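Thank you for making time for this at group meeting.

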There are 2 protein chains.
Amino acid sequence: MSKTMRYDRQDVLKKATDLYWQKGFHGTSMRNLQDVIDMRPGSIYATFGSKEGLYKESLQHYAEQGMARLTACSEATSSPLAALKMFMKTLISGNCAAAPSDMCMLVKTVSELTEENAELLCEAKRLLHMMENAFAALFAQAQSCGELDEAKDPAALARYMQVQIMGLRTYLRANNDGKVKVDKLIDELFEKGLV
Amino acid sequence: MSKTMRYDRQDVLKKATDLYWQKGFHGTSMRNLQDVIDMRPGSIYATFGSKEGLYKESLQHYAEQGMARLTACSEATSSPLAALKMFMKTLISGNCAAAPSDMCMLVKTVSELTEENAELLCEAKRLLHMMENAFAALFAQAQSCGELDEAKDPAALARYMQVQIMGLRTYLRANNDGKVKVDKLIDELFEKGLV
DNA sequence: GTTAAAATTGAACAAATGTTCAAAGCGTGT
DNA sequence: ACACGCTTTGAACATTTGTTCAATTTTAAC
């Protein structure tokens, strides 16, 4: 009846995400994108609508990966707090050369864009909230396990963790000489912040 | 002998800085800039060389403002630690509507640009270092005053402060609902981090 | 008043931008 | 074989991009 799609949407999204992540929204041109994802303009616009549309889906794809990583950390560890700590370490020390950028794509988006791209800005904020809520859920779970003091506020701890991740990743981006030993810093943060 | 300059370089730089700060390097066009600083292309290029050149001077202008603000905090307070705390508070809660962006322009630069603009990236990193060194100097001064434990490492404290500033400002950018009470957070950071 | 030097103008440029659309390709049901 | 309908193509479009430069304006010294 119809021609079968040539492209695997997930595969295309991964490539687009990586490029956007590396070069930013304004720093990435459609021509640039066309080469990387190997699609012609017509196909791109038929599939994603616009540059903004593709970026939005890229943000979502990125956040899904992040959530998947968090659940992977949950399954690889024996306790919620250990999972959170592991997540933070893989986030921060993991991307030496593999990831397109040292920084979080959601943070880069929130940093770069203005009200001229209100929808994308909004979506990035929403996804950051989602991550924070996932952190909070794990902190609450830690309380249920008896791993964490019941008097603590999971939401406040999650917010604290977000601030620390944002701060650390940004700092490392600005000081990419490998002199700073991050793992020890993270251990200290968990001691100071949670206990 | 020659025509007198029509433009006050400092005034122009302030306007350019604010625009770049708000919209980013790639998000700002020369036409955009021309309107805001009220100069024609020829004059701009004769004075600043290129879009990159003007951005570089804007970065420097921005950092100078920051340093001036820090010394102002020093003069307005009675101790180095009080100065640092005041600086942090004016940085973070001060820019409700006045500043072009919630975030630090140096951080935005480091977040947005890639090796394609290596010189600008490098300059932003250098200026961030400068600020950090200024923090460290104040921590050392606090030790001389007997305000801070001599066993602490001023450089490590300065780095800690940078991470916290970057984290907090980014977080507030992503959560601009005024729900988070920042002043209390900063007080807590100083208690946890320095003592 | 003339001249020389510097600053400013703005039209113009080539290249790059995001996007469109008519044509062609291709798989499926008849 | 045929035709229907979805997918893909890539040339082309109107703007916008960063930048240049010959012409003009303005100043001050002689």
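The contact between the two protein chains takes 25 residues from chain A and 25 residues from chain B. Before I go further, please keep in mind that this is a predicted model, and that what I describe has been computed from its atoms.

Let me start on the side of chain A that touches chain B, where the elements that give two or more residues are helix 1 (9–23), helix 6 (105–112), helix 7 (118–144) and helix 8 (154–174) of chain A. Which of these helices gives the most to that side? It is helix 8 of chain A, with 10 residues. If we sort this side of chain A by residue class, we find nine nonpolar, 10 polar and six charged residues.

In general, two copies of a chain are related by a rotation about an axis and a shift along it. Here, chain A is superposed on chain B by a rotation of 180° with 0.0 Å of shift along its axis, and the RMSD is 0.0 Å. That is the relation of a two-fold axis. To place the axis on your screen, look for Gly167(A), whose C-alpha is the one in chain A nearest the axis, 1.8 Å from it. Both copies use the same surface for the contact, since 100% of the contact residues of chain A recur in chain B.

The axes of helix 8 of chain A and helix 6 (residues 105–112) of chain B come within 10 Å and cross at roughly 75°. These two helices, helix 8 of chain A and helix 6 of chain B, are therefore roughly perpendicular to each other. Thr170(A), Arg173(A) and Ala174(A) make the contact from helix 8 of chain A, while Val107(B), Val110(B) and Ser111(B) make it from helix 6 of chain B. By class, the residues of this contact divide into three nonpolar, two polar and one charged.

Let us turn to a pair of helices within chain B. Helix 4 (residues 51–76) of chain B and helix 7 (residues 118–144) of chain B have axes that come within 10 Å and cross at roughly 5°. An angle under 35 degrees counts as roughly parallel, and that makes helix 4 of chain B roughly parallel to helix 7 of chain B. On the helix 4 side of chain B, the residues that meet helix 7 include Tyr55(B), Leu59(B), Met67(B) and Leu70(B), and on the helix 7 side they include Leu120(B), Leu127(B), Met130(B) and Met131(B). The contact of helix 4 with helix 7 in chain B has 11 nonpolar, one polar and four charged residues.

DNA strand C is surrounded by 24 residues, of which the closest are Lys3(A), Gly42(A), Ser2(B), Arg6(B) and Gly42(B). Helix 2 (30–37) and helix 3 of chain A, together with helix 3 of chain B, are the elements that give two or more residues to this surface, and helix 3 of chain B gives the most, with four residues.

Around DNA strand D there are 24 residues, and Ser2(A), Gly42(A), Lys3(B), Pro41(B) and Gly42(B) come nearest. Which helix gives the most to the surface near DNA strand D? The answer is helix 3 of chain A, with four residues. By class, the surface near DNA strand D has 10 nonpolar, eight polar and six charged residues.

I would like to finish with individual residues in the loops. Leaving aside residues up to four places away in sequence, Gly27(A) touches His26(B) and Thr114(B).

Asp38(A) lies in the loop between helix 2 and helix 3 of chain A, and this residue has a positive phi of about 55° although it is not a glycine. With 13 other C-beta atoms within 10 Å, Asp38(A) is partly exposed. In chain B, Asp38(B) is found in the loop between helix 2 and helix 3, and its phi is near 55°.

Technical notes:
Residues numbered from 1 in each chain as written. Chains lettered and ligands numbered in written order. Predicted model: local features only at pLDDT ≥ 70, side-chain atom pairs only at ≥ 80, totals over all residues. Axes fitted to C-alpha atoms, helices over the stretch in contact; angles between N-to-C directions. Parallel < 35°, antiparallel > 145°, perpendicular 65-115°, else oblique. Contact = placed C-beta atoms within 7 Å. Nonpolar A, V, L, I, M, F, W, Y, C, P; charged D, E, K, R; others polar. Near = placed C-beta within 6 Å. Least-squares fit on C-alpha atoms with pLDDT ≥ 70 in both. Buried ≥ 20, exposed ≤ 12 C-beta atoms within 10 Å, placed from the backbone.
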